[in-house]
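Dear colleague,

Below is the structure I promised to pass on to you. Please have it open while you read the notes that follow.

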Amino acid sequence: MRYLTAGESHGPKLVGILEGVPSGAKIDKETIDQALQERQKGPGRGGRMKIEKDQVTILSGVRGGLTTGAPIALEIINRDWANWEKIMAWGDEADLESRKVITPRPGHADLTGHLKYRTEVRNVLERASARETAMRVAIGNIAVQILEALGVEIRGQVLSVGKVRMNSEDTPEYWQRVQASEWKVGDPQGEEALYTQLQEARSKGESLGGVLQIQVQNLLPGLGSYVQWDRKLDGRLAQAVLSVQAIKGVAFGMGFAAGQHFGSEVHDPIGYDSGRGYYRYSNNAGGIEGGMTNGEPVIIEAVMKPIPTLYSPLSTVNLETKEVMEASVERSDVCAVPAALVVLKHVAAWEILQAILEKFPADTWDELDKAWQDYKRFVSEQ
Ligand code: EPS
(Lines give C-alpha, C1' and ligand atoms only; values in the text may rest on other atoms or scores of the structure.)
Protein backbone atom coordinates (compact mmCIF):
# COMPACT_ATOMS: atom_id res chain seq x y z
CA MET A 1 0.00 0.00 0.00
CA ARG A 2 1.07 3.58 -0.48
CA TYR A 3 -0.44 7.03 -0.19
CA LEU A 4 0.17 10.64 -1.03
CA THR A 5 -1.44 13.77 0.35
CA ALA A 6 -1.67 17.27 -1.12
CA GLY A 7 -3.15 20.54 0.01
CA GLU A 8 -2.28 23.75 1.83
CA SER A 9 -3.55 24.74 5.27
CA HIS A 10 -5.64 27.62 3.87
CA GLY A 11 -6.14 26.27 0.35
CA PRO A 12 -9.51 24.96 -0.83
CA LYS A 13 -9.08 21.34 0.31
CA LEU A 14 -6.82 18.53 1.41
CA VAL A 15 -6.67 15.53 -0.89
CA GLY A 16 -5.31 12.03 -0.51
CA ILE A 17 -4.85 9.04 -2.81
CA LEU A 18 -4.19 5.59 -1.42
CA GLU A 19 -3.78 2.33 -3.20
CA GLY A 20 -3.15 -1.31 -2.47
CA VAL A 21 -6.14 -1.70 -0.15
CA PRO A 22 -7.74 -5.12 -0.81
CA SER A 23 -11.20 -5.16 -2.36
CA GLY A 24 -14.30 -6.11 -0.37
CA ALA A 25 -13.24 -4.39 2.87
CA LYS A 26 -16.06 -2.61 4.73
CA ILE A 27 -15.52 1.14 5.01
CA ASP A 28 -17.78 3.41 7.02
CA LYS A 29 -17.59 7.14 6.29
CA GLU A 30 -19.14 8.03 9.66
CA THR A 31 -16.26 6.27 11.41
CA ILE A 32 -13.72 8.30 9.42
CA ASP A 33 -15.61 11.50 10.27
CA GLN A 34 -15.66 10.61 13.98
CA ALA A 35 -11.87 10.22 13.91
CA LEU A 36 -11.54 13.56 12.10
CA GLN A 37 -13.68 15.23 14.74
CA GLU A 38 -11.67 13.60 17.51
CA ARG A 39 -8.49 15.09 15.98
CA GLN A 40 -10.00 18.57 16.07
CA LYS A 41 -10.66 18.44 19.83
CA GLY A 42 -8.49 19.31 22.79
CA PRO A 43 -8.51 22.14 25.30
CA GLY A 44 -5.35 23.74 23.84
CA ARG A 45 -6.71 24.21 20.33
CA GLY A 46 -6.98 27.70 18.83
CA GLY A 47 -9.49 29.66 16.73
CA ARG A 48 -9.05 27.62 13.55
CA MET A 49 -10.77 24.59 15.01
CA LYS A 50 -13.90 26.67 15.59
CA ILE A 51 -14.02 27.32 11.84
CA GLU A 52 -13.36 23.79 10.59
CA LYS A 53 -15.79 20.88 10.78
CA ASP A 54 -13.79 18.14 9.13
CA GLN A 55 -15.63 15.56 7.08
CA VAL A 56 -14.31 13.30 4.38
CA THR A 57 -15.68 12.95 0.87
CA ILE A 58 -14.90 9.59 -0.68
CA LEU A 59 -14.36 10.18 -4.40
CA SER A 60 -13.33 6.75 -5.64
CA GLY A 61 -12.37 3.20 -4.75
CA VAL A 62 -15.33 2.50 -2.43
CA ARG A 63 -18.77 1.49 -3.69
CA GLY A 64 -21.76 0.37 -1.65
CA GLY A 65 -19.65 0.59 1.50
CA LEU A 66 -16.99 -1.85 0.21
CA THR A 67 -13.55 -1.14 -1.24
CA THR A 68 -13.26 -2.09 -4.91
CA GLY A 69 -9.47 -2.59 -5.08
CA ALA A 70 -9.10 0.61 -7.12
CA PRO A 71 -7.19 3.65 -5.76
CA ILE A 72 -9.18 5.42 -3.06
CA ALA A 73 -9.34 9.20 -3.42
CA LEU A 74 -10.41 11.33 -0.47
CA GLU A 75 -10.94 15.01 0.13
CA ILE A 76 -11.52 17.25 3.13
CA ILE A 77 -12.68 20.82 2.67
CA ASN A 78 -10.94 23.70 4.44
CA ARG A 79 -13.81 25.91 5.52
CA ASP A 80 -11.28 28.66 6.30
CA TRP A 81 -10.57 28.84 2.54
CA ALA A 82 -13.48 31.28 2.27
CA ASN A 83 -11.32 33.78 4.21
CA TRP A 84 -8.18 33.09 2.15
CA GLU A 85 -9.53 32.74 -1.38
CA LYS A 86 -7.79 35.84 -2.72
CA ILE A 87 -4.54 35.25 -0.80
CA MET A 88 -4.22 31.58 -1.76
CA ALA A 89 -5.56 31.79 -5.34
CA TRP A 90 -3.48 29.78 -7.78
CA GLY A 91 -3.63 32.37 -10.63
CA ASP A 92 -2.53 35.98 -11.33
CA GLU A 93 -5.30 37.32 -9.16
CA ALA A 94 -3.57 36.02 -6.01
CA ASP A 95 -2.87 38.67 -3.37
CA LEU A 96 0.76 37.82 -2.57
CA GLU A 97 1.34 40.80 -0.28
CA SER A 98 -1.23 40.99 2.49
CA ARG A 99 -0.24 37.79 4.39
CA LYS A 100 3.40 37.71 3.33
CA VAL A 101 5.69 36.41 6.11
CA ILE A 102 9.14 38.02 6.39
CA THR A 103 9.98 37.16 10.00
CA PRO A 104 10.37 33.32 10.08
CA ARG A 105 9.41 31.53 13.30
CA PRO A 106 12.14 29.58 15.11
CA GLY A 107 11.16 25.92 15.33
CA HIS A 108 8.96 26.01 12.21
CA ALA A 109 9.95 25.04 8.64
CA ASP A 110 9.74 28.76 7.68
CA LEU A 111 13.37 29.78 7.19
CA THR A 112 14.86 26.58 5.85
CA GLY A 113 11.91 26.00 3.52
CA HIS A 114 12.35 29.56 2.20
CA LEU A 115 16.04 28.94 1.48
CA LYS A 116 15.53 25.47 0.03
CA TYR A 117 12.65 26.27 -2.33
CA ARG A 118 13.52 29.99 -2.84
CA THR A 119 9.92 30.77 -2.18
CA GLU A 120 7.98 33.08 0.08
CA VAL A 121 7.62 31.84 3.70
CA ARG A 122 3.81 31.74 3.35
CA ASN A 123 4.21 28.97 0.73
CA VAL A 124 6.37 26.99 3.16
CA LEU A 125 4.17 27.25 6.22
CA GLU A 126 1.01 26.50 4.27
CA ARG A 127 2.27 23.02 3.43
CA ALA A 128 4.40 22.38 6.54
CA SER A 129 1.32 23.08 8.71
CA ALA A 130 -0.16 20.26 10.77
CA ARG A 131 -3.43 20.87 8.94
CA GLU A 132 -2.17 18.10 6.63
CA THR A 133 -2.63 15.57 9.43
CA ALA A 134 -6.40 15.73 8.92
CA MET A 135 -5.92 13.85 5.66
CA ARG A 136 -3.50 11.40 7.28
CA VAL A 137 -6.18 10.57 9.83
CA ALA A 138 -8.76 9.98 7.09
CA ILE A 139 -6.33 7.71 5.20
CA GLY A 140 -5.17 5.94 8.36
CA ASN A 141 -8.76 5.35 9.41
CA ILE A 142 -9.25 3.06 6.42
CA ALA A 143 -6.43 0.96 7.88
CA VAL A 144 -7.96 1.23 11.38
CA GLN A 145 -11.28 -0.13 10.10
CA ILE A 146 -9.61 -3.09 8.36
CA LEU A 147 -7.46 -3.83 11.42
CA GLU A 148 -10.52 -3.75 13.66
CA ALA A 149 -12.22 -6.28 11.37
CA LEU A 150 -9.18 -8.53 11.92
CA GLY A 151 -9.48 -8.02 15.68
CA VAL A 152 -6.49 -5.66 16.01
CA GLU A 153 -7.17 -2.75 18.38
CA ILE A 154 -5.23 0.50 18.65
CA ARG A 155 -5.54 2.81 21.62
CA GLY A 156 -3.50 5.67 22.98
CA GLN A 157 -3.01 7.93 25.96
CA VAL A 158 -1.25 11.16 26.79
CA LEU A 159 1.43 10.46 29.42
CA SER A 160 2.53 14.03 30.07
CA VAL A 161 2.08 17.59 28.89
CA GLY A 162 4.75 20.14 29.75
CA LYS A 163 5.84 19.45 33.33
CA VAL A 164 2.69 17.56 34.33
CA ARG A 165 3.03 13.77 34.23
CA MET A 166 0.06 11.42 34.63
CA ASN A 167 -0.09 8.59 37.15
CA SER A 168 -0.98 6.14 34.43
CA GLU A 169 -2.52 2.75 35.34
CA ASP A 170 -3.21 -0.19 33.08
CA THR A 171 -6.79 -0.84 34.26
CA PRO A 172 -10.06 -0.87 32.26
CA GLU A 173 -11.33 2.05 34.42
CA TYR A 174 -8.24 4.12 33.59
CA TRP A 175 -8.69 3.48 29.86
CA GLN A 176 -12.39 4.39 30.06
CA ARG A 177 -11.42 7.71 31.61
CA VAL A 178 -8.81 8.25 28.87
CA GLN A 179 -11.51 7.81 26.23
CA ALA A 180 -13.83 10.28 27.90
CA SER A 181 -11.10 12.83 28.62
CA GLU A 182 -10.53 15.94 26.50
CA TRP A 183 -6.81 15.60 27.26
CA LYS A 184 -6.81 11.82 26.62
CA VAL A 185 -5.62 11.13 30.15
CA GLY A 186 -7.15 8.91 32.83
CA ASP A 187 -5.71 10.60 35.91
CA PRO A 188 -8.30 13.11 37.24
CA GLN A 189 -5.79 14.98 39.42
CA GLY A 190 -3.29 15.18 36.60
CA GLU A 191 -6.02 16.39 34.28
CA GLU A 192 -6.87 19.26 36.61
CA ALA A 193 -3.21 20.27 36.68
CA LEU A 194 -3.20 20.25 32.86
CA TYR A 195 -5.96 22.88 32.75
CA THR A 196 -4.03 25.09 35.20
CA GLN A 197 -0.83 24.69 33.21
CA LEU A 198 -2.64 25.48 29.94
CA GLN A 199 -4.02 28.69 31.39
CA GLU A 200 -0.55 29.70 32.53
CA ALA A 201 0.93 28.93 29.08
CA ARG A 202 -1.84 30.87 27.35
CA SER A 203 -1.46 33.92 29.55
CA LYS A 204 2.30 33.95 28.97
CA GLY A 205 1.98 33.57 25.18
CA GLU A 206 3.64 30.14 25.46
CA SER A 207 3.00 26.75 23.89
CA LEU A 208 3.24 23.19 25.26
CA GLY A 209 4.34 19.76 24.04
CA GLY A 210 4.14 16.37 25.70
CA VAL A 211 4.70 12.63 25.64
CA LEU A 212 2.19 10.26 24.03
CA GLN A 213 1.77 6.51 24.00
CA ILE A 214 0.16 4.21 21.42
CA GLN A 215 -0.69 0.55 22.08
CA VAL A 216 -1.52 -1.93 19.33
CA GLN A 217 -3.20 -5.06 20.68
CA ASN A 218 -4.09 -8.54 19.41
CA LEU A 219 -1.24 -8.72 16.91
CA LEU A 220 0.30 -11.98 15.78
CA PRO A 221 4.06 -12.64 15.80
CA GLY A 222 6.12 -12.13 12.66
CA LEU A 223 4.94 -8.82 11.18
CA GLY A 224 7.98 -7.03 9.76
CA SER A 225 11.28 -8.80 9.21
CA TYR A 226 14.88 -8.92 10.44
CA VAL A 227 16.31 -9.91 7.02
CA GLN A 228 16.76 -6.40 5.61
CA TRP A 229 17.05 -2.98 7.28
CA ASP A 230 14.09 -1.42 5.55
CA ARG A 231 11.72 -4.25 6.45
CA LYS A 232 12.08 -3.82 10.23
CA LEU A 233 8.67 -2.87 11.62
CA ASP A 234 10.04 -0.71 14.44
CA GLY A 235 12.03 1.27 11.85
CA ARG A 236 8.95 1.81 9.73
CA LEU A 237 6.75 2.75 12.65
CA ALA A 238 9.43 5.16 13.85
CA GLN A 239 9.51 6.88 10.46
CA ALA A 240 5.73 7.16 10.35
CA VAL A 241 5.58 8.59 13.88
CA LEU A 242 8.50 11.01 13.35
CA SER A 243 6.93 12.25 10.12
CA VAL A 244 4.07 13.76 12.10
CA GLN A 245 4.54 17.50 12.56
CA ALA A 246 6.30 18.45 15.85
CA ILE A 247 7.24 14.87 16.84
CA LYS A 248 10.90 14.83 17.89
CA GLY A 249 11.48 11.40 19.38
CA VAL A 250 10.14 7.87 19.43
CA ALA A 251 10.80 4.79 21.57
CA PHE A 252 9.40 1.28 21.93
CA GLY A 253 8.46 -0.43 25.19
CA MET A 254 10.91 0.46 27.94
CA GLY A 255 12.56 2.87 25.47
CA PHE A 256 15.53 4.91 26.67
CA ALA A 257 15.27 3.44 30.17
CA ALA A 258 16.55 0.13 28.73
CA GLY A 259 20.01 1.72 28.56
CA GLN A 260 20.07 2.09 32.35
CA HIS A 261 19.41 -1.54 33.31
CA PHE A 262 21.09 -4.95 33.21
CA GLY A 263 20.02 -7.25 30.40
CA SER A 264 18.19 -9.54 32.81
CA GLU A 265 16.00 -6.60 33.85
CA VAL A 266 15.20 -5.65 30.27
CA HIS A 267 14.51 -8.79 28.23
CA ASP A 268 11.14 -10.47 28.47
CA PRO A 269 11.22 -14.13 29.61
CA ILE A 270 9.36 -16.55 27.33
CA GLY A 271 6.46 -18.63 28.68
CA TYR A 272 4.16 -21.26 27.21
CA ASP A 273 0.53 -22.25 27.76
CA SER A 274 -1.23 -24.90 25.71
CA GLY A 275 -4.10 -23.15 23.89
CA ARG A 276 -2.39 -19.77 24.10
CA GLY A 277 1.01 -20.82 22.76
CA TYR A 278 4.15 -18.81 23.53
CA TYR A 279 3.92 -15.58 25.49
CA ARG A 280 6.11 -13.20 27.53
CA TYR A 281 6.09 -12.53 31.26
CA SER A 282 6.75 -8.83 30.60
CA ASN A 283 6.71 -6.50 27.61
CA ASN A 284 9.76 -4.25 27.95
CA ALA A 285 10.51 -4.81 24.24
CA GLY A 286 7.23 -3.08 23.38
CA GLY A 287 6.10 -6.05 21.30
CA ILE A 288 8.94 -5.90 18.76
CA GLU A 289 12.11 -8.02 18.65
CA GLY A 290 14.40 -8.29 15.62
CA GLY A 291 12.20 -5.82 13.72
CA MET A 292 9.20 -8.17 14.06
CA THR A 293 6.12 -8.28 16.24
CA ASN A 294 6.50 -10.98 18.90
CA GLY A 295 2.78 -11.27 19.65
CA GLU A 296 2.74 -8.91 22.65
CA PRO A 297 1.14 -5.45 22.32
CA VAL A 298 3.25 -2.96 20.34
CA ILE A 299 3.93 -0.02 22.66
CA ILE A 300 5.16 3.19 21.06
CA GLU A 301 6.03 6.38 22.91
CA ALA A 302 6.67 9.69 21.19
CA VAL A 303 7.55 13.18 22.27
CA MET A 304 5.94 16.25 20.72
CA LYS A 305 7.76 19.57 20.99
CA PRO A 306 5.82 22.71 21.93
CA ILE A 307 4.20 24.36 18.88
CA PRO A 308 6.63 26.91 17.35
CA THR A 309 4.15 29.77 16.96
CA LEU A 310 4.47 31.82 20.15
CA TYR A 311 2.25 34.74 21.02
CA SER A 312 5.29 36.06 22.95
CA PRO A 313 7.65 35.47 20.03
CA LEU A 314 11.35 34.65 20.05
CA SER A 315 13.75 36.76 18.05
CA THR A 316 14.39 36.18 14.37
CA VAL A 317 15.83 38.04 11.40
CA ASN A 318 13.75 40.11 8.98
CA LEU A 319 14.38 38.47 5.59
CA GLU A 320 14.26 41.84 3.77
CA THR A 321 16.20 44.19 6.10
CA LYS A 322 18.24 41.54 8.01
CA GLU A 323 17.32 43.34 11.23
CA VAL A 324 16.84 41.24 14.36
CA MET A 325 13.20 41.43 15.40
CA GLU A 326 10.35 39.36 16.83
CA ALA A 327 9.10 36.35 14.86
CA SER A 328 5.73 36.59 13.16
CA VAL A 329 2.66 35.60 15.12
CA GLU A 330 0.21 33.45 13.20
CA ARG A 331 -3.02 32.38 14.86
CA SER A 332 -2.21 29.00 16.38
CA ASP A 333 -2.87 26.37 19.03
CA VAL A 334 -1.31 26.55 22.51
CA CYS A 335 -1.20 22.75 22.80
CA ALA A 336 -2.13 20.08 20.27
CA VAL A 337 -0.89 16.99 22.14
CA PRO A 338 -4.33 15.22 22.31
CA ALA A 339 -4.80 15.89 18.56
CA ALA A 340 -1.35 14.44 17.84
CA LEU A 341 -2.37 11.27 19.69
CA VAL A 342 -5.21 10.75 17.20
CA VAL A 343 -2.77 11.30 14.33
CA LEU A 344 -0.17 8.88 15.72
CA LYS A 345 -2.80 6.20 16.15
CA HIS A 346 -3.70 6.53 12.47
CA VAL A 347 -0.18 6.63 11.02
CA ALA A 348 0.72 3.59 13.14
CA ALA A 349 -2.38 1.75 11.89
CA TRP A 350 -1.26 2.28 8.30
CA GLU A 351 2.20 0.76 8.95
CA ILE A 352 0.74 -2.20 10.82
CA LEU A 353 -1.73 -2.98 8.04
CA GLN A 354 1.09 -2.59 5.51
CA ALA A 355 3.14 -5.17 7.44
CA ILE A 356 0.15 -7.53 7.62
CA LEU A 357 -0.34 -7.26 3.85
CA GLU A 358 3.34 -8.01 3.28
CA LYS A 359 3.07 -11.21 5.30
CA PHE A 360 -0.32 -12.09 3.78
CA PRO A 361 -0.49 -10.51 0.30
CA ALA A 362 -4.15 -10.27 -0.63
CA ASP A 363 -6.26 -8.70 -3.35
CA THR A 364 -9.47 -9.29 -1.43
CA TRP A 365 -10.68 -8.96 2.16
CA ASP A 366 -11.70 -12.64 2.23
CA GLU A 367 -8.18 -13.78 1.28
CA LEU A 368 -6.69 -11.52 3.92
CA ASP A 369 -9.09 -12.59 6.65
CA LYS A 370 -8.60 -16.29 5.87
CA ALA A 371 -4.79 -16.02 5.85
CA TRP A 372 -4.87 -14.08 9.15
CA GLN A 373 -7.23 -16.55 10.87
CA ASP A 374 -5.24 -19.58 9.59
CA TYR A 375 -2.00 -18.12 10.90
CA LYS A 376 -3.65 -17.22 14.21
CA ARG A 377 -4.70 -20.87 14.59
CA PHE A 378 -1.22 -22.07 13.63
CA VAL A 379 0.42 -19.83 16.22
CA SER A 380 -1.93 -20.87 19.02
CA GLU A 381 -1.46 -24.57 18.20
CA GLN A 382 2.34 -24.52 18.51
C1 EPS B 1 -1.00 25.23 12.39
C2 EPS B 1 -1.59 26.47 12.73
C3 EPS B 1 -3.03 26.57 13.05
C4 EPS B 1 -3.53 25.24 13.57
C5 EPS B 1 -3.20 24.25 12.47
C6 EPS B 1 -1.75 23.99 12.44
O7 EPS B 1 -3.83 26.87 11.93
P8 EPS B 1 -4.16 28.36 11.52
O9 EPS B 1 -2.86 28.94 11.02
O10 EPS B 1 -5.19 28.32 10.42
O11 EPS B 1 -4.67 29.04 12.75
O12 EPS B 1 -4.90 25.28 13.92
O13 EPS B 1 -3.89 23.04 12.65
C14 EPS B 1 -4.94 22.81 11.84
C15 EPS B 1 -5.44 23.69 10.99
C16 EPS B 1 -5.48 21.46 12.00
O17 EPS B 1 -6.43 21.11 11.30
O18 EPS B 1 -4.93 20.73 12.83
C19 EPS B 1 0.40 25.14 11.99
O20 EPS B 1 1.04 26.18 11.74
O21 EPS B 1 0.96 24.02 11.90
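A polar side-chain atom of R39 lies 2.6 Å from an oxygen atom of the ligand, a polar contact being a pair of N or O atoms within 3.5 Å. An N or O atom in the side chain of S129 is 3.4 Å from an oxygen atom of the ligand, while for A130 a polar backbone atom is 3.0 Å from a ligand oxygen. Taken alone the ligand exposes 470 Å², and the protein buries 91% of that (accessible areas by the Shrake-Rupley method with a 1.4 Å probe).

Please bear in mind that this is a predicted model, in which local features need pLDDT of at least 70 and side-chain atom pairs count only at pLDDT 80 or more, whereas totals for chains, interfaces and linings use all residues. Residues are numbered from 1 along each chain as its sequence is written, and side-chain values use heavy atoms, with hydrogens and water left out.

The residues around the ligand, each with a heavy atom within 4 Å of it, include H10, R45, H108 and D333. This shell divides into two nonpolar, three polar and six charged residues.

The space taken by the ligand is the largest pocket (an open set of points on a 1 Å grid over the protein atoms alone, where a 1.4 Å probe fits, with protein on both sides within 12 Å along at least five of seven lines; lining residues have an atom within 4 Å of a point). The largest pocket is lined by 36 residues, of which H108, S129, A130, R131 and S332 lie nearest its centre.

Best wishes

Note on methods
A polar contact is a pair of N or O atoms within 3.5 Å; within protein, one must be able to donate a hydrogen and the other to accept it, and residues adjacent in sequence count only if both atoms are side-chain atoms. A molecule sits in a cavity or pocket if more than half of its atoms lie within 2 Å of its grid points. Ala, Val, Leu, Ile, Met, Phe, Trp, Tyr, Cys and Pro count as nonpolar, Asp, Glu, Lys and Arg as charged, and the others, Gly among them, as polar.
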